[in-house]
Amino acid sequence: MGFADDHLIPLVDGLGNSAYLLDFGDGRALAMDAGRDLRALRTVAERRGLRVAFAAETHLHADFLSGAVQLGHDTGATILASAAGRRAFAHQALVDGDEVGLGGLTLRALATPGHTDEHLSFLLLDGSRELGVFTGGSLIVNSAARTDLLGAERTADRAAGRPYVDVRQEAEFATGHVPGALRIELGALSESAADAPAGPVVACGHGERAMTAASLLERAGHTDIAVLNGGPDDYTAAHGQQLAQGMEGIRS
């Protein structure tokens, strides 16, 4: 059996987010990308007699709540996260190349922007021997990570030329939408995913429903999906456009 078999416990939630508990072998552990529901993690830690001494985050998560702050409160865990994320809670801010000693093991931060700007991957080392890497949302087995949540100030350069898919309901869409937008309502997206264009910007009113839509499109085989952190007002303002109204001539 290898190191991972003995010391690494995967914890996957119902949303497909992968978290891990790393057993150092000395009664302490590191939690990687732990979700807010800590019951499964705590069960494993208690069964193995572990105290969570570190809680690491690869990136700011848009689709679930982090449990790192709660672990810091409950177990005194040191939170490890990207300095570029400018998190408001206490944490050890890391940049590319920073290393953290884990009692015989070393965790090295690797800047891997793309999925989010402040994304870090974490390389686990035993001396000079590389044991593995926690890639978060930057590398997904048998899939490709998407770039998440483009803010209004970045749509002009990052979303230029992409088709715009609006997943809001008809009444919302008719009130004001991006000219040329394709409307596929979120509730119908699972059945209509084949109608979505390649490499779209997916948007709603603020970004929450668009994240769900992007996940549905990925499950249907779409890649290179961008999610707008905002709505049609933000997008048109960034592109010097005016909102269109009504439903006449709209593709849906």
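Guide: Start with angles. They run from 0 to 180 degrees between N-to-C directions, with axes fitted to C-alpha atoms. On that scale, helix H3 (residues 68-75) runs at about 150 degrees to S4. Helix H3 lies across S3, S4 and S5. Keep in mind that this is a predicted model.

Visitor: What is the strand order of the open sheet?

Guide: The order is S1-S2-S3-S4-S5-S6, in an open sheet of 6 strands with mixed pairing.

Visitor: What makes strand S1 (8-12) and strand S6 (92-94) edge strands?

Guide: Each of them pairs on one side only. From one strand to the next, the twist averages 20 degrees.

Visitor: How do you know that S5 and S6 pair?

Guide: The cut-off is at least two bridges between two strands. Strand S5 (residues 78-82) is joined to S6 by 3 bridges, so the pair qualifies. S5 and S6 run parallel. Leu-80 stands opposite Gln-92 in S6.

Visitor: Which strands does helix H2 (residues 39-48) touch?

Guide: H2 packs on the sheet and touches S1, strand S2 (18-23), strand S3 (28-32) and strand S4 (51-56). The direction of H2 makes about 155 degrees with that of S1.

Visitor: Which residues of H2 are buried?

Guide: Leu-41, Val-44 and Ala-45. They cover an arc of only 100 degrees around the axis, so they sit on the same side of H2. The buried residues of H2 pack against S1, S2, S3, S4 and H3.

Visitor: What does the face of H2 turned away from its buried side carry?

Guide: That face carries the exposed residues Arg-39, Glu-46 and Arg-47. After H2 comes Gly-49, with a positive phi near 70 degrees.

Visitor: Now the charges. Why is the contact of Glu-57 and Arg-87 called a salt bridge?

Guide: The test is a side-chain nitrogen of Lys or Arg within 4 Å of a carboxyl oxygen of Asp or Glu. Glu-57 and Arg-87 meet at 3.1 Å, N to O, so the label holds. Side chains of opposite charge can pair when their charged atoms come close. The structure holds 12 salt bridges.

Visitor: Where do Glu-57 and Arg-87 lie in the chain?

Guide: Glu-57 is in the loop between S4 and H3, and Arg-87 is in the loop between S5 and S6. The two are 30 residues apart.

Visitor: What makes the pair of Glu-118 and Arg-87 a salt bridge?

Guide: Their closest N and O atoms are 3.3 Å apart. The limit is 4 Å, so this pair counts too. Glu-118 lies in the loop between strand S8 (106-111) and strand S9 (120-126), so its pair with Arg-87 ties together parts that are 31 residues apart in sequence. Glu-57, Arg-87 and Glu-118 are linked in a network of salt bridges.

Visitor: Why are Glu-118 and Arg-87 called buried?

Guide: Buried means under 20% relative accessible area. Glu-118 has 7%, so it counts as buried. Arg-87 has 9%, so Arg-87 is buried as well. Glu-57 is also buried.

Visitor: How do you know whether Glu-185 is buried, partly exposed or exposed?

Guide: Exposed means over 50%, and partly exposed falls between that and the buried limit of 20%. Glu-185 has 30%, so it is partly exposed. Glu-185 forms a salt bridge with Arg-183, the closest N and O atoms being 3.3 Å apart. Arg-183 has 11%, so Arg-183 is buried.

Definitions and conventions: Residues numbered from 1 in each chain as written. Predicted model: local features only at pLDDT ≥ 70, side-chain atom pairs only at ≥ 80, totals over all residues. Heavy atoms only, no water. Helix = DSSP H or I, 4+ residues; strand = E, 2+ residues; numbered from the N terminus. Contact = heavy atoms within 4.5 Å. Buried < 20%, exposed > 50% of the residue type's maximum accessible area, 1.4 Å probe, protein only. Arc of directions from axis to C-beta.
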